[in-house]
Amino acid sequence: MNLHHRSEEELDKLYKGCFFRNEYDGLVLNGELHICPISAHAKDLKIIPDYKSDYLKFREGSVSSKIEGYDVFNNQSHLQCCDHCEAVLNEIVERTYTCMHVKYSRINKLKAQLNSID
Ligand code: SF4
């Protein structure tokens, strides 16, 4: 994943509109809490540098320092990994998610119809 050399504004905008930031609940991988699964797996596969500010390590520090760390971590305007990210990926994932959502709605409707048949 190459660096795009985006400006701070571009990175903030990308992160703010990102599917994973807005819809994903985070990921725990190897004792680390990641906001973004792309960042987590890219770091794990060593295809991006180890950006320490992009995740929290569970095994280090006291509970209070973890809570304080979480606030800083959670309020970042973007992740370092975002400069490696392909923006188009967000659109693809969002479309897939929408398709899945529509499918599940249809399945639930069908189930409801089946249940109403005596
Ligand atoms: S790395 Fe990409 S997918 Fe992850 S938070 Fe940043 S923009 Fe979103």
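Trainee: Why does Leu14 count as partly exposed?

Mentor: Leu14 counts as partly exposed because it has 19 C-beta neighbours inside 10 Å. A residue is buried if 20 or more other C-beta atoms lie within 10 Å of its own, exposed if 12 or fewer, and partly exposed in between, with C-beta atoms placed from the backbone. Please note that this is a predicted model: local features need pLDDT of at least 70, side-chain atom pairs count only at pLDDT 80 or more, and totals for chains, interfaces and linings use all residues. Residues are numbered from 1 along each chain as its sequence is written.

Trainee: Which element holds Leu14?

Mentor: Leu14 is in helix H1. Helices (H or I, at least four residues) and strands (E, at least two) are DSSP runs, numbered from the N terminus.

Trainee: And what separates the C-alpha atoms of Leu14 and Cys85?

Mentor: Those C-alpha atoms are separated by 9.2 Å, although Leu14 and Cys85 are 71 residues apart along the chain.

Trainee: Turning to the ligand, which residues surround it?

Mentor: Among them are Leu14, Tyr15, Cys18, Arg21, Ser39 and Cys85; a residue is near a molecule if its C-beta atom, placed from the backbone, lies within 6 Å of it. Helix H1 (8–16), helix H2 (19–23) and H3 are the elements that each give two or more residues to this shell.

Trainee: What about the nonpolar core: how many residues does the largest one have?

Mentor: The largest nonpolar core has 15 residues, and Cys36, Ile38, Leu79, Cys81 and Cys82 have the most contacts inside it. Such a core is a set of buried Ala, Val, Leu, Ile, Met, Phe, Trp, Tyr and Cys residues joined through C-beta atoms within 7 Å. Helix H3 (37–44) and strand E3 (55–57) each give two or more residues to this core, and H3 gives the most, with three.

Trainee: Which residues does Cys36 contact, leaving aside neighbours within four places in sequence?

Mentor: Cys36 is in contact with Phe20, Arg21, Leu79 and Cys81; contact requires C-beta atoms, placed from the backbone, within 7 Å.

Trainee: Now the sheet. What is the strand order?

Mentor: The open sheet of three strands has the order E1-E2-E3, with antiparallel pairing; two strands pair if DSSP finds at least two bridges between them. Strand E1 (27–29) and E3 are the edge strands, each pairing on one side only.

Trainee: How many bridges join E2 to E3?

Mentor: Three bridges join strand E2 (residues 32–34) to E3, and Leu33 has Leu56 in E3 as its bridge partner.

Conventions. Two residues are in contact if their C-beta atoms, placed from the backbone, lie within 7 Å.
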